[in-house]
Amino acid sequence: MSLLRRSRKPNMDGVNLLMTLLLCYPEIGTVTFDPAKGETLQMAFALNRLPSDEENKEFGRFLTESISTYHSLLGLPEGRLNITVEGNGKAAILGIKRDMATISRGEISLIAALVRDNFKDGLVTDTEMEKDLPDEATRLAHEDNIDNILGSVRHGVISETMVGYREAGRVMVYNK
């Protein structure tokens, strides 16, 4: 008698969200959705240097004020924001964690642009991925899709932690 194993299938809304974020925003190195930590979305940006404490504080204030202003202009409620920097003298990971209840595509675009503008050449991106960036029409379609997926993820039930990352021109998503 054979035993049938039931394998868990990942929630496709979660997979699509992480995959689309990585495809649209080459600045983001990894993205994690963690329902166990209050349904948070964490974006990690790789840096080829460790920013000074003053630079970290300055960027943290600037990012917090920018997101607050964005929410205020759109009449959105404030959400949870956590900014971390971990690393050594030669490399660092900038982590930005947001709650799923209040994050939007516009805010994700704002975060990616601010990180890119602030860290410039210090930001590590996948050069293979940058060669095959989608054309403008495809990118806009993906970005519009992010709003739909965010809505789906907010109202759906995703019970597993999901991680998406890019490597050598490919995007991979898995559930933990």
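I started at Ile 96, which sits in strand E4 (residues 92-99); helices (H or I, at least four residues) and strands (E, at least two) are DSSP runs numbered from the N terminus. This is a predicted model, where local features need pLDDT of at least 70, side-chain atom pairs count only at pLDDT 80 or more, and totals for chains, interfaces and linings use all residues. Residues are numbered from 1 along each chain as its sequence is written, and side-chain values use heavy atoms, with hydrogens and water left out.

**Entry 1: Ile 96.** Is Ile 96 buried or exposed? I find Ile 96 buried, at 0% relative accessible area. My cut-offs are under 20% for buried, over 50% for exposed and partly exposed in between, with a 1.4 Å probe and protein chains only. I then listed what Ile 96 touches, leaving aside neighbours within four places in sequence: Leu 41, Gln 42, Met 43, Phe 45, Leu 63, Leu 81, Asn 82, Ile 111 and Val 115. Contact here means heavy atoms within 4.5 Å. I also checked Ile 83, which is 13 residues from Ile 96 along the chain, and the C-alpha atoms of the two are separated by 4.7 Å.

**Entry 2: the whole chain.** I count five helices and seven strands, and the order along the sequence reads α-β-β-α-β-β-α-β-α-α-β-β. Of the 176 residues in the chain, 36% are buried. Taking contacts between residues at least 6 apart in sequence, I get 72% that join residues at least 24 apart.

**Entry 3: aromatic rings.** How many aromatic pairs does the structure hold? I get two. The rule I used pairs rings of Phe, Tyr and Trp (its six-membered ring) if their centres lie within 6.5 Å, with planes under 30 degrees apart called stacked, over 60 edge-to-face and the rest tilted. Phe 59 and Phe 119 are edge-to-face, 5.1 Å centre to centre with 65 degrees between the planes. Phe 59 is in helix H2 (residues 53-74) and Phe 119 in helix H3 (residues 105-119), so this pair ties together parts 60 residues apart in sequence. Phe 59 is buried at 2% relative accessibility, and Phe 119 is buried at 4%. The other pair is Tyr 165 with Tyr 174, also edge-to-face, at 6.2 Å centre to centre and 75 degrees between the planes. Here I find Tyr 165 partly exposed at 25% and Tyr 174 partly exposed at 39%.

**Entry 4: H3 against H5.** Their axes come within 9 Å and cross at roughly 125 degrees, H5 being residues 136-155. Axes are lines fitted to C-alpha atoms, for helices over the stretch in contact, and angles run from 0 to 180 degrees between N-to-C directions. I therefore call H3 and H5 oblique to each other, as angles under 35 degrees count as roughly parallel, over 145 as roughly antiparallel, 65 to 115 as roughly perpendicular and the rest as oblique. On the H3 side I noted Arg 105, Ile 108 and Ser 109, which meet Glu 143, Asp 144, Ile 146, Asp 147 and Leu 150 in H5.

**Entry 5: Lys 120.** I looked in the loop between H3 and strand E5 (123-124), where Lys 120 is found. Lys 120 is not a glycine, yet its phi is positive, about 40 degrees. I have Lys 120 down as exposed, with a relative accessible area of 59%.
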